[in-house]
Amino acid sequence: MATQIVMDQTGDTRHEFDPDNAEALARAEQRFRELTGAGFTAAFRTGPGDVTRIKSFDPTVQETLFYPRLVGG
Amino acid sequence: MFAAFRFRASARARMHALRELYRRFFGENTPDARGRRLLVEWLSPAQRAQFEQYRYFDVTGCDSGKMYRIHYGTAANVHQIDCDGHAMMGWCFVPSGFLVPGDVMLAQKIALETDENGALALANRFPTATHSEHFYRRPF
């Protein structure tokens, strides 16, 4: 199972999907597009503590994290 | 009478255990606790050890190689530091929305490690004397 983790006021919301299921994969890709379109940044871990940002949906990524648009505090 | 006393004592112990279980369950499932768990999962082993000991961790900016210290908090919690760990400048940038400290810190880490210039371009600078170390060392 792959997971999309979306930061929110509850801490985070997790969406799990089976990458081998075409329908679930399409839903995950749609979610990715909606979130990044709304200004979220998507990232995944490449090693312990190492992170890479992604701009387009990658079905091979096991865990994708989304955080909202950054603003000056 | 002795049996009644023993019954009351065991009921009290059961109630105490239940209360403790309830406290732990909800304590570990608060947004705050979930945010901290997510943060810790995404830190490097060195950052995790630093965070657990000091409530902050250091990151290296991907563009300049400068060091930043991210303190536990949701605003004005990022300091640029020198090689001795002394704060030189404060940078304030946060994810929009009202996120918990763990989430804010993780977003700041990812931003500095993957798009330092982009993060600093929208950040507000502040003098490091604004908050003392004590301010950031509040317990969870």
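These legends describe close-up views of a predicted model with chain A and chain B.

Local features here need pLDDT of at least 70, side-chain atom pairs count only at pLDDT 80 or more, and totals for chains, interfaces and linings use all residues. Residues are numbered from 1 along each chain as its sequence is written, chains are lettered from A and ligands numbered from 1 in the order in which they are written, and side-chain values use heavy atoms, with hydrogens and water left out.

**View 1. Chain A meets chain B.** In this interface, 25 residues of chain A are in contact with 30 residues of chain B. Contact means heavy atoms within 4.5 Å. The two chains bury about 2,300 Å² between them, 63% of it on carbon and sulfur atoms. Buried area is the accessible area (1.4 Å probe) that two parts lose on being put together, summed over both.

View 2. The rule finds two salt bridges between chain A and chain B. A salt bridge is a side-chain nitrogen of Lys or Arg within 4 Å of a carboxyl oxygen of Asp or Glu. Asp12(A) forms a salt bridge with Arg34(B). Their closest N and O atoms are 3.3 Å apart. The side of chain A that touches chain B draws at least two residues from each of S1 (2-8), S2 (11-17), S3 (41-47), S4 (50-54), S5 (63-67) and S6 (70-72), all strands of chain A. Strands (E, at least two residues) and helices (H or I, at least four) are DSSP runs, numbered from the N terminus.

**View 3. A strand of chain A pairs with a strand of chain B.** S6(A) and S4(B), residues 87-95, pair in the antiparallel sense over three bridges. Two strands pair if DSSP finds at least two bridges between them. Gly72(A) has Phe93(B) as its bridge partner.

**View 4. S4(B) has partners within chain B.** S3(B), residues 78-81, pairs with S4(B) in the antiparallel sense over four bridges. Val78(B) has Trp91(B) as its bridge partner. S3(B) and S4(B) form a hairpin with five residues between them. In the turn, Gly85(B) has a positive phi of about 90 degrees. Three bridges also join S4(B) to S5(B), residues 124-126, and these strands run antiparallel. Gly90(B) stands opposite Phe126(B).

View 5. The whole structure holds five aromatic pairs. Rings of Phe, Tyr and Trp (its six-membered ring) pair if their centres lie within 6.5 Å; planes under 30 degrees apart count as stacked, over 60 as edge-to-face and the rest as tilted. Phe32(A) and Phe66(A) are edge-to-face, 5.6 Å centre to centre, with 70 degrees between the planes. Phe32(A) lies in helix H1 (residues 22-37) and Phe66(A) in strand S5 of chain A, so the pair ties together parts that are 34 residues apart in sequence.
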